[in-house]
Amino acid sequence: MSGDWEFPEFRPPTRPLRDYAQMVTELEAQGNIQGLLEILEGGYPGATRRAAARALISTAGKPESSAILALLTKETDRGVKVSLVGCLGKSGDEATLPALTNALKDSEPMVRVEAAAALSRFNSETAFKLLVDNLQRKDESDDYLVRQYSADALGKMSDRRAVPALIAVLKDENSLVKAAAATALGELGERTAITALVRARHSDSHLLGADCVECTAIDEALRKLNRKQIP
Ligand SMILES: [Zn+2]
């Protein structure tokens with residue numbers, strides 16, 4: 001794409017940053033995917049490229065997933081990478097699943113988290129299995145965020161086969177992971193989870209007067225499950 005600029009007057013690095021910010025805002029409003037991709041390809045400042053990558057997610061219309069994959073393989077900016085992974089989730093294109101699997105192992109925690117969130121947008125057996133595998137993941141020094149977001153994602157996927165894996169995660173040593181698993185179990189609406197949720201709830205009068213993230217999530221899940229009629 002180099003040498004053939006859609007916006008020659010904005011060709012970098014000839015303008016102040018605010019002009020580039022305005023350009024990104026306009027492209028986003030127009031849904032001009034090609035223009036946003038061109039910014040990511042070109043030698044624009046980091047802040048401009050990060051804004052363009054975020055705009056690709058929020059703007060109407062979807063970029064070709066092949067274009068996003070090509071950018072992702074050579075991208076080094078963490079913020080741009082996170083948004084490109086989000087774009088893959090928006091695409092819902094199964095051809096991007098190998099790239100998302102790689103992103104789950106990225107050295108940047110926020111890229112791994114975004115990959116787990118992106119997978120929840122796929123209605124796919126492969127994505128489901130990846131998320132279940134990641135619920136147990138402890139190979140990094142502290143990958144509780146990936147476990148937490150995988151539990152979140154599984155709650156949104158409406159596939160009750162995730163219930164046993166989510167119940168197992170109620171024993172996780174991280175409070176946020178436990179809370180996410182409880183919330184997901186409430187969303188999945190599987191009443192057989194009730195016993196495990198009651199058992200996972202703290203029974204002592206801990207944190208009096210304060211909120212316990214685990215018990216709050218468990219109580220909310222139990223409210224949802226108890227409201228549900230037995231079919
Ligand atoms: Zn508690």
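A nonpolar core is a set of buried Ala, Val, Leu, Ile, Met, Phe, Trp, Tyr and Cys residues joined through side-chain atoms within 4.5 Å, where buried means under 20% relative accessible area with a 1.4 Å probe and protein chains only. The model is predicted: local features need pLDDT of at least 70, side-chain atom pairs count only at pLDDT 80 or more, and totals for chains, interfaces and linings use all residues. Residues are numbered from 1 along each chain as its sequence is written, and side-chain values use heavy atoms, without hydrogens and water.

**Nonpolar core**
- The largest nonpolar core has 67 residues, and Leu 100, Leu 166 and Leu 197 have the most contacts inside it.
- Helix H11 (residues 175-188) supplies the largest share of this core, eight residues; helices are DSSP runs of H or I with at least four residues, numbered from the N terminus.
- Beyond four places away in sequence, Leu 166 touches Leu 135, Ala 151, Ala 181, Ala 184, Leu 185 and Leu 188, contact meaning heavy atoms within 4.5 Å.

**Packing of H1 and H3**
- Helix H1 (residues 17-30) packs with helix H3 (residues 46-58) at an angle of about 10 degrees, with the axes 10 Å apart; axes are lines fitted to C-alpha atoms over the stretch in contact, and angles run from 0 to 180 degrees between N-to-C directions.
- H1 is therefore roughly parallel to H3, a term for angles under 35 degrees.
- H1 contributes Leu 17, Tyr 20, Val 24 and Glu 28 to the contact, and H3 contributes Thr 48, Ala 51, Ala 52, Ala 55 and Ser 58.

**Aromatic pair**
- One aromatic pair is counted, the rule being ring centres within 6.5 Å for Phe, Tyr and Trp (its six-membered ring).
- The rings of Tyr 20 and Tyr 44 have centres 5.2 Å apart and planes at 90 degrees, so the pair is edge-to-face, a class for planes over 60 degrees apart.
- Both Tyr 20 and Tyr 44 are buried.

Conventions:
Buried means under 20% relative accessible area, exposed over 50%, partly exposed in between (1.4 Å probe, protein chains only). Helices (H or I, at least four residues) and strands (E, at least two) are DSSP runs, numbered from the N terminus. Angles under 35 degrees count as roughly parallel, over 145 as roughly antiparallel, 65 to 115 as roughly perpendicular and the rest as oblique. Rings of Phe, Tyr and Trp (its six-membered ring) pair if their centres lie within 6.5 Å; planes under 30 degrees apart count as stacked, over 60 as edge-to-face and the rest as tilted.
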